[in-house]
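Here are my notes on this model. Please read them alongside the coordinates.

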Amino acid sequence: GQWLVYVTTPHSLSKVPVAGGPPVPLTNGLSWRPTVSPDGKWIAYNRLDEASGQWKIAVIPIDGGAAPKIFEAPSPNVFRALRWTNDGRGIAYPVTSGNVTNIWSQPLDGNAPRQLTNFKDQLIFDFAWSRDGRNLALSRGTVNSDVVLISNFR
């Protein structure tokens, strides 16, 4: 509760003391959608890996000074929502495959990610944990788009 973490232009992260003071840069390179851990010690965010062109999950200490922990996460989406697990030991995120989205969790200890939901249809647009971490609220649905040709238009 002592810092406000935000995205700067051109899309890197900074923090500023809630009590006031100058901003403190946290990242270099493209960084997006930061989220602070439940204990306030870590920041998870989407980070562009310039070598591969893929968005990955990065975790840094809120105090800065350390290289980020980088996790592979199958998503080309910069807007991917990241949510800390209630115990602060993992990052939950959506993965979409074949127009179906499920929530996965990446443990910070480097173990393999695991699938938390098993939906067979629809996309997840956003999600959030309950305060006790036992329930998951989801915004789900489909996206429809139509193409209309108008000819002999006056």
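1. Strand β8 (residues 83–84) pairs with β9 in the antiparallel sense over two bridges. Strands here are DSSP E runs of at least two residues, numbered from the N terminus, and two strands pair if DSSP finds at least two bridges between them. Arginine 83 stands opposite alanine 92 in β9. Five residues separate β8 and β9 in their hairpin, and glycine 88 in the turn has a positive phi of about 75°.

2. A caveat on the source. This is a predicted model: local features need pLDDT of at least 70, side-chain atom pairs count only at pLDDT 80 or more, and totals for chains, interfaces and linings use all residues. Residues are numbered from 1 along each chain as its sequence is written, and side-chain values use heavy atoms, with hydrogens and water left out.

3. β9 also runs antiparallel to strand β10 (residues 100–107), joined by eight bridges. Valine 95 has asparagine 102 of β10 as its bridge partner. Two residues lie between the strands of this hairpin, where glycine 98 takes a positive phi near 60°.

4. Six of the eight residues of β9 are buried, so β9 is largely enclosed by the rest of the structure. Buried means under 20% relative accessible area (1.4 Å probe, protein chains only).

5. The charged end of arginine 83 sits over the ring of phenylalanine 127, 5.4 Å from its centre. Lysine 15 lies over the face of tryptophan 3, at 3.9 Å from the ring centre. The criterion is NZ of Lys or CZ of Arg within 6 Å of the ring centre and within 35 degrees of the ring normal.

Terms used:
Buried < 20%, exposed > 50% of the residue type's maximum accessible area, 1.4 Å probe, protein only. Helix = DSSP H or I, 4+ residues; strand = E, 2+ residues; numbered from the N terminus.
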